[in-house]
Structure formats: structure tokens, C-alpha cells
Amino acid sequence: MGFDYAWVHLNYTIPPAIILSLLYRPFFTRIDAYKVLFLVSIAVIATIPWDSYLIRRKIWTYPPNVIIGPTFLAIPAEELFFFVIQTYNTALLYLVLSKPILHPNYLLGCFPGHQTPFKTIRNTGQFFLAVCILVGGHLVRKGGEGTYLGLILVWAGPFALFLWSLAYQFLVALPYTSTALPILGPTLYLWVVDTMALRRGTWAIESGTKLGIHVWEGLEIEEAVFFLATNILVVFGLVAFDNAMAVLLTFPRLFPQVPTLPSPVLLIEALMIGCAKYDLARLDAIKQASRRLQSKSRSFYLASSVFTGRLRIDLIFLYSFCRVADDLVDEASSEGDAREWIIKLTKYLDLAYQSKETWLITEQPDVCSYITNNFPESTQSALRLLPTHILSFGPLYELLEGFKTDLDFHSDNAAKSSRNFPISNQQDLDRYCGRVAGTVGELCLELVFHHSKSPLTISQKENLVREGGRMGVALQLVNIARDIATDAKIGRVYIPKTWLKAQGLQPQDILANPDASVTERFRESLLKRAFTAYLTSRDAISQLPSDARAPIRVAVESYMEIGRVLVKKGYQVREGKATVPRLRRLKVAWKALSQG
Ligand SMILES: CC(C)=CCC/C(C)=C/CC/C(C)=C/CC/C(C)=C/[C@@H]1[C@@H](COP(=O)(O)OP(=O)(O)O)[C@]1(C)CC/C=C(\C)CC/C=C(\C)CCC=C(C)C
């Protein structure tokens, strides 16, 4: 009896497991737990017979003085633990690195011209893996020095071939950070650990069944291939799982109901569905919407990565619609054009909500053709994919009312001196914020309620919607406080005239000198109101369904952090706007998630 093998675990495999677990703990979802458990079970079941065979054939051995003692089918307990911990570590590293990824973005539809290169890649991979299996079989049959390598190839090859055939397209499309990195990182680490274990004599590879080739001094080629192959299998398994989930979540027409933890049969079914069945318009809309989110809002992009399932996709669609509508109005070449956009958007909502039976805009030909004929190409998918079957129309019309206030600042023919300033008093400010952002809070919550499994009573929902609306106001006040100078450049002053008058000022004074020291006083007042609203509504978040609680907290906190940065001053400015540094944003998200 000895503790050498246990010592390897204590020093080299358990510490990374603890570090990764602590790092990922706030992000860990039920589906993650399912994925890891699934992978670990398969790894253990698939490795036991193979490993047992190798030990019985004395291809590798454990001196009795390095293991504690208990064995299963000749495999020491420490070795069994190795299967679990290695799979766990590689899986967690994959999860950490894949967290920001929106997997539907990497699904590829059957576009003419796209398939040929992918088929070539698939065939090349299949050919390579088939050759590995055949070479492995040959080496095993021949016996002697190639036996160990042969046994690795015939064992790992078929699993790799199976997973590659199912998920090759995803494996190729995903960024290297979530494929190559979680394979190569742990592989290199285990090569180093293995070298040390072999040198210490914790385990020994018997001569006669190994090639005697070393990758570096002390690392046998077979050991190197073994660790590379096992990490490839773990990552291929996880990628195949995510590929299946992406198909299940992206296409509600193909899979109307997706259980939180889909069965292996359903996962395989999703992987077997040919891309010819994919809804290409929906796929393209998801890609466009997530690109829009990524490029336009750092806070909500970060927050979106912690939402899961179809709620994440629908929130991105909602963001995309809000952003497109806001930009159409804000970036119109004249006030008249902007008003024209609001009329068109109103007509679009009228059409989308006139029929109660159809559940998706994409299935309403009159709405689709209205969109095609009246909106720029780049905005059309955002309008078509707004989940109107889940959202009530009231907040959407209100949002457009809010945009009208923005236009009331302008008057094409008016001289600068006779500009209009519609925010006369605090009530006007509250009404405006409620319209452009309170509504967004309400809409977000409607999506949360729809996608959540936990039941809430009508009065609980009403209370949450009220608080969500208030939280939206808080965020908008932060937005206004941040953008005083950029808004002034386009002739807008959201500081109520009554506040200005109390300081002997008029909106024109802000336009003339938005960076004057007195502006700071108004910024402080706006932030004070923002934080009062935020503190009033913050506790309501803990009454949200458990799966949405932490992600909503991240969305709110990462935006409110802009307010905290503004309060402290000395902030970074990007494109004229105060920003929260990336690391600080990540810390905020991590802290918000840790609150559960
Ligand atoms: C995670 C995710 C994808 C969330 C999407 C949230 C969403 C749909 C935002 C819409 C944003 C938008 C473009 C709205 C148009 C009107 C507008 C400009 C509103 C301002 C947003 C700022 O967005 P922007 O892209 O300009 O960001 P930058 O300033 O450039 O960084 C607003 C400040 C409003 C945002 C308001 C909300 C997101 C509502 C918040 C409330 C909740 C989430 C509910 C909280 C629940 C309880 C119970 C308290």
C-alpha cells in the first residue's frame, strides 16, 4: 500500500478541478451539470473494460507500493478517479471558454456552395479516423511493440469517428478557443504530469508492447497519444451535445417543446436532422441579431451570455427589434423621415397584432410583405422575428410613443434658438423613461414568464412587471446621465426645465456648454433618481423564476455599473460615452451571478 498515485491527484488533478469549479460556479446551470454528468458517465463506462484489459495484459502496471489498495476489475481506485477528474477538468475548461458563445450562430444551413467544402472536411476527417482505426487494428493483430498504441487507436478511434460524423460541421465552425484550446491545454498539462509520474515510478509502461519513442525525455509516445485522444473525445462529446442543443433551441417548428434536460435519443435525433430542414430565415435572423447586440451594447451582450435556452434567443430578438426601431428614428435624415418611420413601425405592429391565430410573424404573409416593401433590407429580419406571439402589444406601442418625444426636440424649419424641449418637469422625465425603457423591462419579463417553468400567480407577475418597469426607468436615467454631452450635440436636453430654471439656466445653455461644471450637478441628480428607483426594485429580482433571476441581475447590474462609474468620476470615455472597463464588467457579472 502507498499513496504515490493519490499524491498525483492531490497535487495535480484536484487543484485545477477546485479552481475551475470555483471560477465557473456562478455560471453553472442545470444543463451544464447534465452535460458533465453525461460525459463523465460515458467516459467511465467506456474506459473501464479497456483499461482493465490493458492492466491484465500488463501493458502498464502499478507497483503495489504506490496505490492505496482497492481495485475494480483490476483497476486501482485512483485510476477510476482519474477517468472522472480528467473528464471533469476538461469539460469545465470547455464550459468556461464556451460561455460567451451563442451556439445557434455556428449552425450552418444548406446554402448552395457552402456544403461542398464542409462535405470535403467531413470526408477527410472520416478518412483520417478510419485509417487510425485500421492502423490500430493492424498493430494489435501484429502484437509486440505496437500493441499499446494499437489498443489506444482501436478504442478511441470509433468514438471519435462517431462524434465527428455527427458534429463535424460544428467542430469546424466553432472558434478555436472552445475546441482546440480545451483539447490542447489539458493535454499539455497531463503530458507534464505523466512525465513526472513515470519518473517517480507511480505507474510504469512495460517494455515489449510499446514503441520506445519519446515525445520528450520521459514521455512515451503512447502516453502522449492517450491523453490527446481522451481530451479529444471529451471535447468532441461536449461539442456534439452543444450542436444538438443548438438545433433543438433554434427551430421551434421542428422541436416545439424542448425539455430542460433532453434525452440522449432526442439529442441524437437533433444531430441527425439534415440542414435541408433548417429554417434558414430564422437562422440568419439569429446571426444578424446577435451581431447587432455584440456591436451595439457591451452591457447587454455580456448579460445575454448568462441567459440560457430559448429565452436567450428571444431576448436577443427583442433587443434587435428595439435597437432597429430606435436607430431608424434616431438616424433618419430629417424629422419628417423619422416621423414616417414611426408611422411605418406603428402600421407594422397593427398588422402583426391584428391576427390572433398565427403565432409567428414569419407565417403572416401580409406582415412579411409589408416589412419587405417598407423597411431597409438590413432591418427586416429584426422585424420579422420579433416574438410577438409572446409579447403583448401595449409596451411596444408605448415604446414608439417614447420615440416621438425624441422627435419633439426637433423641428426641421426651426432655428436653433427656437428649438423645442419637451421635458418640462420631473413628470415628463419619468413618463419619457417609462416609455422608452420601462416598457423594455416589462417586455423582458414577459419573455421570462413565458419561458420559465416555475409558476407565478397573476398578482406576482403584475408586481414583477411594475418593478421591472421601474428598473427600466433606472437604467434609462443612467443612460441620460451618461449621455448629456452626446445628446446635446444632437439638440436634446433631457434635464427637466424646472431643474435648469432653479439654477438660472435654460436648455439652450446645456446645448451651448454641455461640459460646464454645473452639468455635473444635474448628472448627480439624475443618478440619484436612478439609484433610488434601482434600490426600490432590486429586491423584486429575487422573486423571479430561479432560472432567470441571476441573468436578469447581471443585465441590470452591468448597466447600473455605468452609473457607479459616473458617480465615482475619472471614468474612461469611448465614442463620447463613459464605459465600464471589461474586467470590471466581468467582475460585476460574476458577483451578480454569485448572489443566485
Ligand atoms: C440580455 C439582453 C439581450 C437584454 C436585452 C434587453 C433589451 C431588450 C434592451 C433594449 C435596448 C434598446 C435598444 C431599447 C430602445 C430604447 C432605449 C435606447 C433604451 C435604453 C437602453 C440602452 O440600450 P443601448 O443599446 O443603447 O445600450 P448602450 O447605452 O449603448 O450601452 C435602455 C437604457 C433601456 C434598457 C432597459 C432594460 C433592459 C430594462 C431593464 C429591466 C429589466 C431587465 C427587468 C428587471 C426586473 C425586475 C423584477 C426588477
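Student: Let's start with Lys-58: buried or exposed?
Tutor: Lys-58 is exposed, with a relative accessible area of 55%, where buried means under 20% relative accessible area, exposed over 50% and partly exposed in between, using a 1.4 Å probe and protein chains only. Bear in mind that this is a predicted model, in which local features need pLDDT of at least 70, side-chain atom pairs count only at pLDDT 80 or more, and totals for chains, interfaces and linings use all residues. Residues are numbered from 1 along each chain as its sequence is written, and side-chain values use heavy atoms, with hydrogens and water left out.

Student: And where does Lys-58 lie?
Tutor: Lys-58 sits in the loop that runs between helix H2 (30-56) and strand S1 (60-61); helices (H or I, at least four residues) and strands (E, at least two) are DSSP runs numbered from the N terminus. Although Lys-58 is not a glycine, its phi is positive, at about 60°.

Student: What about phi of Leu-73?
Tutor: Leu-73 also has a positive phi without being a glycine, with a value near 50°. Leu-73 belongs to the loop between strand S2 (71-72) and strand S3 (75-76), and Leu-73 is partly exposed, at 42% relative accessible area.

Student: Stepping back, how many helices and strands does the protein chain have?
Tutor: The protein chain has 23 helices and 8 strands. Its C-alpha trace spans about 95 × 50 × 45 Å along the principal axes, and 53% of its 596 residues are buried.

Student: OK, the ligand. Which residues are the closest?
Tutor: Of the 30 residues that surround the ligand, the closest are Tyr-319, Arg-323, Gln-476, Arg-482 and Tyr-559; a residue is near a molecule if one of its heavy atoms lies within 4 Å of it.

Student: Which polar side-chain atoms lie by an oxygen atom of the ligand, and at what distance?
Tutor: Tyr-319 has a polar side-chain atom 2.7 Å from a ligand oxygen, and for Arg-323 the corresponding distance to an oxygen atom of the ligand is 2.8 Å. In Asn-479, an N or O atom of the side chain is 3.3 Å from an oxygen atom of the ligand. The ligand has 1,100 Å² of accessible area on its own, and the protein covers 95% of that area. A polar contact here is a pair of N or O atoms within 3.5 Å; within protein, one must be able to donate a hydrogen and the other to accept it, and residues adjacent in sequence count only if both atoms are side-chain atoms. Accessible areas come from the Shrake-Rupley method with a 1.4 Å probe, and for residues only the protein chains shown count as cover.

Student: Which helix supplies the largest share of that shell?
Tutor: H17 does, with 9 residues. At least two shell residues come from each of H9 (280-296), H10 (298-304), H11 (309-330), H16 (426-451), H17 (458-482) and H22 (546-568).

Student: And how does the shell divide by class?
Tutor: The shell around the ligand holds 17 nonpolar, 8 polar and 5 charged residues, where Ala, Val, Leu, Ile, Met, Phe, Trp, Tyr, Cys and Pro count as nonpolar, Asp, Glu, Lys and Arg as charged, and the others, Gly among them, as polar.

Student: Since H16 came up, where is Asp-428, and is it buried or exposed?
Tutor: Asp-428 is in helix H16, and Asp-428 is buried, at 15% relative accessible area. A polar atom of the Asp-428 side chain lies 2.9 Å from the backbone nitrogen of Ser-424.

Student: New topic: how many disulfides are there?
Tutor: The count is 0 disulfides, taking a disulfide as a pair of cysteine sulfur atoms within 2.5 Å. The cysteine sulfur closest to that of Cys-322 is in Cys-444, 7.6 Å away, which is too far for a bond. Cys-322 is buried, with a relative accessible area of 12%.

Student: Last one: which residues does UniProt list for "transmembrane region"?
Tutor: The unreviewed UniProt entry lists residues 6-24, 36-55, 80-97, 148-167, 173-192 and 224-241; UniProt positions are given in the numbering used here, feature names are shortened, and annotations may be inferred rather than shown by experiment. In the model, residues 6-24 are 100% helix and 0% strand, with the end C-alpha atoms 25 Å apart, while residues 173-192 are 70% helix and 0% strand, with the end C-alpha atoms 30 Å apart. Ser-178 lies in the loop between helix H5 (147-173) and helix H6 (180-200), and Ser-178 counts as buried at 0% relative accessibility.
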